[in-house]
Amino acid sequence: MFPNELQARKDIVYYSHKTHAAGLVTATDGNLSVRLDDQHVLITPSGLRKEDMHIDAPIVIDMDGNLVAGDRKPSTEYKVHLEAYQQRPDVKAVIHAHPPKAIAFTIAGAPLDTCMLPEVVVTMGDVPIAPYAAPSTDALPESMRDLIAKSDALMLARHGSVTVGPCLSEAFKRLEKLEHNAEIMIYARMLGGAQPFSENQLQELQGLRGFYGINTQQIACAAPGARPASGSSAPPAQPVVPQQVQPYQAPPVQPQPAAPAVSAANNNNANRGDRFGGWHDGEAQAPTYRRSGAGNHEPEIDELVDEIVARVKQRL
Ligand SMILES: [Zn+2]
């Protein structure tokens, strides 16, 4: 069953804003899509920041990548989305993002370590890394062809993530989990290294998939030594070229003029204005909605989406 186009547009706007707000894309990176039927895909266009996504922006392409509806150019990475849909008829939504911590593992030549946390073992398994291929080339979808058939989440080496699902909500959940797992594993490695589960513990966790009704497509986790060759395939680490490092020298300290005394008559807003960038007495209102920057502003996004949907309905 496919979503209607209006709902798909609304979902793309909502999850575009969420992906940006969570720091999982930057600038105009990344793309989101929803399958409208067997022959058509609604996808974010090229060159538009995800924080600026609006309901008219996504375009419709066919399964060969031809523009069917919309006045913008398709994202240059539409081939990644079409590859996922072609390999997986069960997939209805795809998110390609650039999660920084997970990408760092692929640059370091380290496996993603997605077999260390119980909920990740159960819901995502051993997330694979596709070998490096240049963005926007035909080699990129080819690099992930075998892996997307086996897993609802994967990394493209030195580039980004691909997460899929029956809807954008599920694809986004996998993306969040992937990046959160990477963050925890960075901490674990800083503390001396990640201690793996035993084979028995992994089997127990995988047995819970049925109990929780989880049927995601994934590569089952295996204990070290029992890991199949097709598992988490980190690309070989690149040789590190030693560099001459100059010792750090602190810049000379400039004498600062003494700060003017703040009288008790000045209210707190004046001080807050100095700290947060220039709102002063008489205009001491913090902006209620910031489209850029981190933070939880889902209610504002909901309002924005509802307003846009209302305007579109008026035009129909
Ligand atoms: Zn990308």
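Leaving aside neighbours within four places in sequence, which residues is Leu-154 in contact with?

**View 1. Leu-154 and its surroundings.** Setting aside its neighbours within four places in sequence, Leu-154 touches Val-127, Pro-128, Ala-130, Met-144, Leu-147, Ile-148 and Val-162 (a contact puts two C-beta atoms, placed from the backbone, within 7 Å). Keep in mind that this is a predicted model: local features need pLDDT of at least 70, side-chain atom pairs count only at pLDDT 80 or more, and totals for chains, interfaces and linings use all residues. Residue numbers start from 1 along each chain as its sequence is written.

**View 2. The whole protein, briefly.** The protein has nine helices and eight strands (DSSP runs numbered from the N terminus: H or I of at least four residues for helices, E of at least two for strands). Of its 316 residues, 33% count as buried; that takes 20 or more other C-beta atoms within 10 Å of a residue's own, while 12 or fewer makes it exposed and anything in between partly exposed. Among contacts with a separation of 6 or more, 66% link residues 24 or more positions apart.

**View 3. The largest nonpolar core.** This core holds 58 residues, and Ile-12, Ile-95, Leu-154, Val-162 and Leu-168 touch the most other members. Helix 6 gives the most to it, with seven residues. (A nonpolar core here is a set of buried Ala, Val, Leu, Ile, Met, Phe, Trp, Tyr and Cys residues joined through C-beta atoms within 7 Å.)

View 4. (Axes are lines fitted to C-alpha atoms, for helices over the stretch in contact, and angles run from 0 to 180 degrees between N-to-C directions.)

View 5. Strand 1 (residues 31–35) runs antiparallel to strand 2 (residues 40–43), with three bridges, and Val-34 sits opposite Leu-42. Strand 2 is also antiparallel to strand 3, this time with four bridges; here Val-41 has Ile-61 as its bridge partner. Strand 3 and strand 4 are antiparallel too, over two bridges, and Val-60 faces Ala-69. Four residues separate strands 3 and 4 in their hairpin, and Gly-65 in the turn has a positive phi of about 90 degrees. As for the faces of strand 3 (residues 59–62), Ile-59 and Ile-61 are on the covered one, Val-60 and Asp-62 on the uncovered one.

**View 6. Helix 3 against helix 6.** The axes of helix 3 (residues 100–108) and helix 6 (residues 168–190) come within 7 Å and cross at roughly 65 degrees. Lys-101, Ala-102 and Phe-105 of helix 3 meet Leu-178, Glu-179, Ala-182, Glu-183 and Ile-186 of helix 6. That contact is made of five nonpolar residues, three charged and no polar (nonpolar: Ala, Val, Leu, Ile, Met, Phe, Trp, Tyr, Cys and Pro; charged: Asp, Glu, Lys and Arg; polar: the others, Gly among them).

**View 7. Glu-176.** This residue lies in helix 6. Glu-176 counts as partly exposed because it has 16 C-beta neighbours inside 10 Å. Leu-24 is 152 residues away from Glu-176 in sequence, yet 8.2 Å away in space, C-alpha to C-alpha.

Notes: Two strands pair if DSSP finds at least two bridges between them.
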